[in-house]
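Please keep the sequence and the model at hand while reading.

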Amino acid sequence: MNTLHRVGAATAAHPWRTVAAWLLLLLTLGGLSAAFGGDLHEDWNVPGTRAQAGIDTVRDHFPGAGGATAQVVLHDDGPLDAAVVEDVTDRLTATEHVASVSPRISDDGDTALLYVRYAVESTHPDVLGVTEPLTRAAEPAAAAGYQVELGGEVPSTADEIDGRGELIGIGVALVLLVLAFGSVVAAGLPIATALGGLVAGSSGVMLLAAVTDVSPTAPTVATMVGLGVGIDYALLIVTRHVARLRAGDTPRQAAATATAVAGRSVLGAGLTVLVSLMGLRLAGLPTFSTFGFATALAVIGVMAAALTLVPALCALAGRRLLPRAVRREASESPVDRGFRRLGAVATPAKRPNHLSGVTGGADGEPLAGRWARVVARRPVVWGSLALVLLVALGAPALGMRTWPQDGGSDPVGSTTRAAYDLVSAEFGEGANGPITLVADLDELSAADVEAVHAEVDALPEVAVSTPATTSPDGAIAIWDIEPTTAPADEATSAFVDDLRADVLPDGVEATGYTPILGDISDMLTERLWLVVGFVVAVSVVLLMILFRSVVVPVKAAAMNLLSIAAAYGVLVLVFQHGYGAGLLGVDHAIPVSSWVPILLFAVLFGLSMDYEVFLLSAIRDDWLDTGDATGSVVRGLASTGRVISVAAAIMVAVFLGFATESGVVVKMIGVGLAVAVALDATVVRMVLVPATMTLLGRWNWWFPGRTFHAPAVPTPADGTDPDRAAVPA
């Protein structure tokens with residue numbers, strides 16, 4: 001009797017105690033997070049980059065400089081009243097934590113750009129995402145009928161998540177589960193369990209925020225992933241539980257067996273997700289580490305709920321997890337059952353067990369099994385077609401251009417987008433991303449600084465240049481320039497690179513909004529391959545341990561890379577080239593956010609391995625029983641095809657729900673996850689896996705020091721694990 005069987009048996013035997021323990025745990029974690037939880041902070045420091053070094057220099061020599069910034073834009077159809085602009089400027093200057101306000105009037109006088117500099121960084125709790133003080137300060141302009149918009153760093157950190165993503169995902173998941181199980185109770189159980197685990201994980205995230213900076217977007221990503229995998233993990237156990245109920249087990253026996261068998265797949269899949277998330281620490285940005293930790297806490301929470309709360313709730317639900325028609329049949333008297341079998345008593349046709357795949361042909365073979373046989377007869381043809389499709393979808397990723405999100409990529413109707421558009425129209429696109437030049441006066445004389453200033457000002461890429469200002473201690477001089485192109489424009493990135501390489505002498509550094517974003521993009525592009533190498537290597541080793549095979553883990557990693565590359569390609573087509581972007585509320589083509597590729601890879605590699613573990617568990621189980629390498633592929637796909645399809649459909653629904661959120665980064669993550677999971681559950685699992693495993697035959701299970709012979713493994717005599725776990729303990 002293994003550990004998971006004992007856990008399932010114990011929780012099923014004492015379901016109310018288990019439920020009470022979970023409620024107590026959730027209340028305790030909720031209380032702790034409310035009392036000791038921290039605030040969410042964005043950490044935009046980019047250690048090791050040239051732009052960060054420049055900002056640190058400015059902070060060291062200009063008191064109150066180098067802090068957060070914001071833009072307040074006032075606009076009217078005619079010339080603005082100078083008294084109103086002055087009043088708003090004074091009110092902004094008097095706002096807490098504001099160091100200075102620099103007003104700028106457009107040439108036609110109808111727009112004022114008030115550039116607000118704070119004395120604290122954007123991570124300060126009174127500043128991060130807090131726009132009410134800016135709105136209050138601009139009340140005289142609003143009262144005068146002016147258009148008032150907020151842009152820049154601080155307004156961009158305001159909450160962009162309205163919660164509809166979760167509601168859409170949960171609603172669609174519930175419908176799919178009702179259709180799959182034919183029972184509202186069985187459909188609601190995975191969702192309730194996932195939500196319980198997610199609440200526990202979310203409380204953990206807030207406690208994590210008390211000891212480190214956690215990005216405000218991290219809980220959204222954690223919820224997205226946690227909800228998807230939580231429903232999937234619970235679904236896997238509930239499906240096995242329902243199958244054992246149909247086989248005649250009591251609810252307690254079925255719960256214990258389901259936890260022992262399906263629980264191992266849950267542990268294996270969850271562990272792979274956690275390993276992948278830990279790869280985010282190699283990205284080099286503190287904010288990415290918190291993304292990994294926050295999402296890991298959510299995954300741990302839903303895993304714990306699946307392994308303990310699901311068997312308890314299954315035991316409480318009893319046979320109500322079965323469709324009503326099945327329960328009616330079981331409650332018939334022997335006489336009625338005999339008459340019905342003779343055709344004398346008309347009863348409704350028995351509903352198929354959708355999740356077990358008992359649908360398809362007249363011979364009762366599941367549709368997934370019949371499909372697997374089709375693929376197995378022409379493995380080269382089908383495998384080639386699947387490979388061509390994935391490569392074709394992934395090809396656009398070769399032209400991917402990344403850039404962190406700015407106001408120009410925000411949705412139409414948001415104040416940050418309106419401010420960005422007004423500034424671009426009235427002051428030039430470069431006004432949205434000024435570049436600060438920092439000159440070290442220990443290395444350059446005043447005449448040298450003046451010469452550099454004149455040379456830079458004369459460049460055709462420079463639209464505006466401010467006079468140089470010397471720090472109070474006389475150590476540095478700084479001035480701002482505005483490019484002629486927008487921050488996200490590829491020409492702007494090229495200009496910064498040329499400026500650093502060919503124009504600025506030693507002792508002068510380019511920093512500020514645009515160079516920081518450019519350095520972030522460059523660093524994440526370089527670190528992507530480090531994260532990929534770590535995640536793939538560790539995942540392959542983990543799968544080798546789980547499946548006692550060398551070929552299967554390597555093949556699984558290669559297929560996961562293909563599906564992720566295809567997701568990247570779709571992101572490029574949708575967002576960078578604009579195909580279908582309007583359906584997502586994006587009105588123009590934009591670069592892929594720099595935050596997305598690494599985050600998407602770490603999450604997707606783990607999620608893709610979920611289905612790999614589920615499928616390979618069944619295939620390996622059959623192979624150990626029969627030694628038939630080809631037949632085990634067909635039977636493994638037949639037994640898991642339906643549950644993987646339903647699980648994937650649920651996860652796609654959850655992710656697409658988040659794609660409806662207003663934040664463009666969340667949209668990209670939702671679309672990327674949905675596309676990759678859909679491809680993984682269809683093209684990869686239904687075509688590429690059976691084709692390659694058929695071609696490889698017994699080589700799938702080659703492992704150093706082990707022969708190919710696979711003797712049948714007898715069923716355990718204690719009767720605790722009749723279906724036998726496919727993943728070794």
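The text below describes selected sheets, strands and helices of this predicted model.

**The open sheet**

Four strands make up an open sheet, arranged in the order β2-β3-β1-β4 with antiparallel pairing. Because β2 and β4 stand at the edges and have a single partner strand each, one side of each is left without a neighbour in the sheet. On average, neighbouring strands of this sheet are turned by 20 degrees against each other, direction ignored. Within the sheet, β1 and β3 run antiparallel and are joined by 7 bridges.

Helix α4 (residues 82-93) lies across β1, β2 and β3, and runs at about 160 degrees to β2. Helix α17 lies across β1, β2, β3 and β4, and its direction is at about 100 degrees to β4.

**Helix α17**

Helix α17 comprises 13 residues, 415-427. From its first C-alpha to its last it reaches 17 Å, close to the 18 Å expected at 1.5 Å a residue. Which residues of α17 are buried? They are T416, R417, A419, Y420, L422, V423, S424 and F427. These buried residues pack against β1 (69-75), β2 (98-105), β3 (111-118) and β4 (147-151), and also against α7 (153-156) and β8 (476-483). After α17 comes G428, which has a positive phi near 100 degrees.

**Strand β8 and its partners**

Strand β8, against which buried residues of α17 pack, is mostly covered, with 7 of its 8 residues buried.

| Strand pair | Sense | Bridges |
|---|---|---|
| β5 and β8 | antiparallel | 6 bridges |
| β6 and β8 | antiparallel | 3 bridges |
| β7 and β8 | antiparallel | 2 bridges |
| β5 and β9 | antiparallel | 4 bridges |

I435 stands opposite I481 in β8. V464 has E482 in β8 as its bridge partner, and T469 has I478 in β8 as its bridge partner. Strands β7 and β8 form a hairpin with 5 residues between them. In the turn of this hairpin, G474 has a positive phi of about 70 degrees.

Strand β5 (residues 435-440) also pairs with β9, and here L437 stands opposite A510. In a regular strand, the side chains alternate between the two faces of the sheet. In β9 (residues 508-511), V508 and A510 point one way, while E509 and T511 point the other way. On which side of the burial cut-off do these four residues fall, buried or exposed? All of them are buried.

**Helix α11**

Helix α11 (residues 251-278) has 28 residues, which should span 40 Å at 1.5 Å a residue. Its end C-alpha atoms are 38 Å apart, in agreement with that expectation. The helix bends by about 35 degrees at A262. Of the 28 residues of α11, 22 are buried, so this helix is largely enclosed by the rest of the structure.

Notes
Residues numbered from 1 in each chain as written. Predicted model: local features only at pLDDT ≥ 70, side-chain atom pairs only at ≥ 80, totals over all residues. Heavy atoms only, no water. Expected span 1.5 Å × (residues − 1). Buried < 20%, exposed > 50% of the residue type's maximum accessible area, 1.4 Å probe, protein only. Contact = heavy atoms within 4.5 Å. Pairing = 2+ DSSP bridges. Axes fitted to C-alpha atoms, helices over the stretch in contact; angles between N-to-C directions. Bend = angle between axes of the 7 residues up to and from the residue.
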